Amino acid sequence: QPSEAALAFQTLMADYIRDFPNGAIRMVQVDTDDILGSLTRELDEAPDTSEFDEKVHKGELPRALAAELHHREYATVVASLARNGPTFAAPSSESGRTAVREAAPGIVILDVTAASTLAILPTAIRTSLMGFFGGIQTTLAQRADAHEAALAAARDSGLTIVQPRAGQPAGISSTPDSELAARRQLADELENVLRATEEISHTAGIGIPELQDSDWRRPGFDALGLAVATRSPLWADDAPLGQVALAAGVSSISTADVIEEAASIGAISTDERSVAIAALISHGYVRFPFESSSWDMALQMEGVPQGLLRAARFASPDAVTDRVEWLFKLADTRWQNAHELRDIVGVMAEWVEEIAGTEEQTSTTIHKICRLLLGRNWLSSSTLPWCLMGLHNDRLRVDAVSSMLHEIFRAYEHLAAETEPRLAAGFIFELVSQLEAADASRVRSAILRDRFE
């Protein structure tokens, strides 16, 4: 028997559907024997936004545009990308630090992307960074949007209907309880950060001709509009949004800029600086220069799934040897998780290919990485296949799989010279015994012919 509250809700829904047949909520008939088929027939096919989404994901377009396109709260989009990254916040620069110094006595305008960053930092460090300025302002619309996002996160059951797309039928996706809890915590913390700022009623729009005339439903550009109207610096951790601000004649600063400037004058300690940077790295923030103190600390932190890999995949081309060694440290701590091992090896190869000047340099470096992999004490017949899976990567232009198989053959040659060919062959045959048939066959054939092809 439904409760009184449930009956009242059913009546409310029935009245809404009767009065607003074309409203946001509509009734559909579902065949319980074919639920997904029913949904596919009832729901409109979703437009293909993959190219647009990829540009947002790569930090080529402001996140505010994603909130508009997908009709989601700006805070929800920002938090989702923070969880699923990478996060392309502008790295610290001399111009950014200069802007921080000049802004410190006065007011800065906080965008939700920077508020999301502050939300993942330890409270003491967050308080010090926010206290660095004379005042921080946000808009009423930003606050309302963040509150809606927090309520939506609290209501999220973890089950989502996925609209038909590109000829594919409708589906249902599920989110683990642990991820739902993390999203709720981030949404709550983000709202707390915004509450700690001065709330401004801003109704003057964006103030940029190219953006002013559009009918924006979400406040993704509200902070930018307030910064333009007041000629105050914009604090944002969305590199494309910062570029728009600079083009509009407004200073743009990132949290990385604030961290570096605060540490330089003792507003936060050297250890706090390392902790802050490590926290961002573990959450998938990219383009941080390599410093062993912070990158090694990030290995010990509980960030977001894949956060460390994202930070490594989109890392700057500095300290190449140190970065590769760091990735091996990551592999040494995660090799028992086969999927993580696969992804770590894949990221190594992708990053090396991106920063290498030529295909020959890429191939040479990947050969070195393969030799190092073969020398790990955890490398065995059960872990080698996952390393090869990481190299069977459609995004790579070079043949990284052949590089690994060639290095396995070279390992055989070395062992054969040190011991006996028969013993060396037996060891290598066992090592490749769980590889895909084609890969294992190439190694065995090379040993039998004494020549790798």
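A salt bridge joins the side chains of Glu 453 and Arg 451, at 2.7 Å from N to O; the term salt bridge denotes a side-chain nitrogen of Lys or Arg within 4 Å of a carboxyl oxygen of Asp or Glu. Glu 453 counts as exposed, at 53% relative accessibility, and Arg 451 counts as partly exposed, at 42%. Here buried means under 20% relative accessible area, exposed means over 50%, and partly exposed lies in between (1.4 Å probe, protein chains only).

The model is predicted, and local features need pLDDT of at least 70, side-chain atom pairs count only at pLDDT 80 or more, and totals for chains, interfaces and linings use all residues. Residues are numbered from 1 along each chain as its sequence is written, and side-chain values use heavy atoms, with hydrogens and water left out.

The protein contains 24 helices and 7 strands. These elements are DSSP runs numbered from the N terminus, with helices being H or I of at least four residues and strands being E of at least two. The C-alpha trace spans about 80 × 65 × 40 Å along its principal axes. Of the 453 residues, 46% count as buried. Among contacts with a separation of 6 or more, 67% are accounted for by residues 24 or more positions apart; a contact means heavy atoms within 4.5 Å.

The protein exposes about 22500 Å², of which carbon and sulfur atoms supply 51%. Accessible areas come from the Shrake-Rupley method with a 1.4 Å probe, and for residues only the protein chains shown count as cover. A nonpolar surface patch of about 310 Å² is made by Leu 159, Ile 161 and Ile 172. Patches consist of residues with over 30% relative accessible area and no salt bridge; like charges are joined within 9 Å, and nonpolar side chains (Val, Leu, Ile, Met, Phe, Trp, Tyr) within 5 Å. Leu 159 belongs to strand β3, residues 159-162. Leu 159 counts as exposed because its relative accessible area is 57%.

There are 39 positive and 65 negative side chains, and the centres of the two sets lie 3 Å apart. Lys and Arg count as positive and Asp and Glu as negative, while His and the chain ends are not counted. The place of a charge is taken as NZ of Lys, CZ of Arg, CG of Asp or CD of Glu. Side chains of opposite charge can pair when their charged atoms come close. A search of the whole structure finds 30 salt bridges.

One of these pairs is formed by Arg 313 and Glu 350, whose side chains meet at 2.9 Å, N to O. This pair links distant parts of the chain, with Arg 313 in helix α17 (residues 307-313) and Glu 350 in helix α19 (residues 338-355), 37 residues apart. Arg 313 and Glu 350 are both buried. A further salt bridge is found between Arg 72 and Glu 73, at 4.0 Å from N to O. Arg 72 is partly exposed, with 39% relative accessibility, whereas Glu 73 is buried, with 11%.

Two residues other than glycine have a positive phi. The phi of His 71 is near 55°. His 71 lies in the loop between α4 (63-69) and α5, and counts as exposed at 52% relative accessibility. Arg 231 has a positive phi of about 55° although it is not a glycine. Arg 231 is placed in the loop between α12 (222-230) and β6 (234-235), and is exposed, with a relative accessible area of 51%.Gly 85 is located in the loop between α5 (74-84) and α6 (94-103). Gly 85 counts as buried because its relative accessibility is 0%. Apart from neighbours within four places in sequence, Gly 85 is in contact with His 57, Ser 80 and Arg 310. Between Gly 85 and Thr 230 there are 31 Å in space, C-alpha to C-alpha, and the two are 145 residues apart in sequence.

Ser 252 lies in strand β7, residues 252-253. Ser 252 is likewise buried, with a relative accessible area of 16%. When residues up to four places away in sequence are not counted, Ser 252 touches Leu 234, Gly 242, Ala 245 and Leu 246.
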